[in-house]
Amino acid sequence: MLSAEWRTLAPSLSEALAAGIRNAVLDGQIHPADRLPAERQLAAQLGVSRGTVVAALARLRSEGWLATRHGSGSTARIPASLRLRYAPLSVDHHGQLLDLRRAVPAAPHDAYTAAIRGALADTPRLLLEDGEPGPGLPELRALVTGRYTSQGLPTLPGQILVTAGARAAMYLLTAYFRPRHAVAESPTFFGIPPILRRQGARIAPVTVTARGWDAGQLAAAFRRSGGGIALLVPDFHNPTGALMDTETRKEVAVLAGRCGVTVIANEIMRDLDLREPPVPVRRIPAAILIGSMSKSVWGGIRVGWIRAPAGLLRELLLHPLCAVCVPPPLEQLIACALLPQLDSLLRRRAAELRSQRDHLAELLRDDQTWSFTVPHGGLWLWLRLASTSGDDLAAKAAAAGLALLPGSRFSPHGTHRNWLRLPYTAPVPVLDRAVALLRQALGPAP
């Protein structure tokens with residue numbers, strides 16, 4: 001039941017036993033709802049005193065890892081605090097490095113396990129088919145089209161191509177268009193410039209700040225990129241958190257039509273609106289849209305989609321890369337079970353992220369070392385540093401035990417060196433620790 005080295009996990013035997021049982025639940029050696037042996041029996045099996053077992057089980061019970069009913073013994077479970085929260089468990093590990101370079105969610109445990117069971121129950125019909133890649137399961141495409149239509153953008157199933165996440169969608173689209181020129185934001189998600197450059201595109205950058213997109217640079221970049229593409233992140237932009245306003249979206253559409261540029265809008269962050277209530281912004285007219293469940297549900301569910309004219313999608317289906325950009329049918333069935341619950345899940349997660357955002361902002365406020373704007377949504381604060389570079393501070397923070405991404409990682413041309421991205425996806429105690437380590441890296445105030 002327990003690993004052989006459980007006694008080495010903590011200084012005292014009771015703490016070590018609690019850690020061993022906790023790890024056994026996480027590793028699947030003890031399943032949730034499994035009944036543990038009686039205290040005397042467990043003590044005899046492990047060669048420890050009953051008092052050690054009692055203390056360990058009491059610790060686990062207080063932490064939510066055990067449920068105990070009088071006369072029925074104790075059963076294992078995953079604590080509700082872990083099953084429901086946004087942050088992965090790994091950010092709680094107090095090892096040598098607190099890693100906040102990635103802002104990704106843990107799966108919603110209860111909803112996801114139920115979705116897996118539902119998907120397995122629906123597999124008999126799938127197993128009688130060929131399982132070959134295609135545009136996506138009809139039921140999943142219907143759910144995605146229904147979501148767009150309910151948001152005010154009428155959509156038909158023929159306008160949806162299911163992909164293995166947003167990055168697969170970007171690879172497929174850029175491989176199809178093979179643009180010589182491309183508009184991209186600066187800063188931008190660090191995965192976008194390599195995707196564009198892989199196709200030989202020359203990037204025309206557009207500066208984005210927390211206040212928005214530079215209108216003059218937008219016009220100049222579109223003129224330079226005639227006949228190419230624009231790959232933009234208009235909703236709670238990574239890393240600035242900016243939300244493109246309606247007038248700028250209209251201007252992007254006008255520029256695209258005038259310059260012959262195809263606009264691709266990566267909407268992976270669109271659902272993470274932390275305003276209460278959310279305030280939907282109209283989409284960029286005529287843009288190809290990319291959606292994904294990786295930020296709202298779980299990075300491990302590699303399900304995304306492209307919304308585009310049906311004719312374009314028919315051509316994408318013939319592209320050699322398309323077959324490797326489509327997720328397996330079982331994963332699509334899991335997405336089918338999760339999408340109808342997405343809005344209720346988003347409400348819970350938005351409340352959690354909003355609280356963590358506000359807590360982190362309060363920790364950092366009134367400090368002359370940096371400045372920032374609290375974003376309306378997304379997953380991070382974008383810190384402008386006053387007297388040090390983001391690269392230097394990130395290196396010093398890593399030495400102190402905190403891994404962060406400096407601003408230069410998000411620049412297509414290596415600029416933004418006085419910036420640092422700090423996610424608020426971790427629980428409050430971890431954010432407290434992160435800020436303490438960041439200040440330790442800065443050293444004593446002059």
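Author: A disulfide is a pair of cysteine sulfur atoms within 2.5 Å. A search of the whole structure finds zero disulfides. This is a predicted model, in which local features need pLDDT of at least 70 and side-chain atom pairs count only at pLDDT 80 or more, while totals for chains, interfaces and linings use all residues. Residues are numbered from 1 along each chain as its sequence is written, and side-chain values use heavy atoms, with hydrogens and water left out.

Reader: Which residues have the most contacts inside the largest nonpolar core?

Author: In soluble globular proteins, nonpolar side chains tend to be buried together. A nonpolar core is a set of buried Ala, Val, Leu, Ile, Met, Phe, Trp, Tyr and Cys residues joined through side-chain atoms within 4.5 Å. Here the largest has 115 residues, and F222, I306 and L438 have the most contacts inside it. A second, separate core of 24 residues includes A16, V53, W65 and A76.

Reader: Is S294 buried or exposed?

Author: S294 is buried, since its relative accessible area is 10%. Leaving aside residues up to four places away in sequence, S294 touches (heavy atoms within 4.5 Å) P105, I268, G299 and R302.

Note on methods: Buried means under 20% relative accessible area, exposed over 50%, partly exposed in between (1.4 Å probe, protein chains only).
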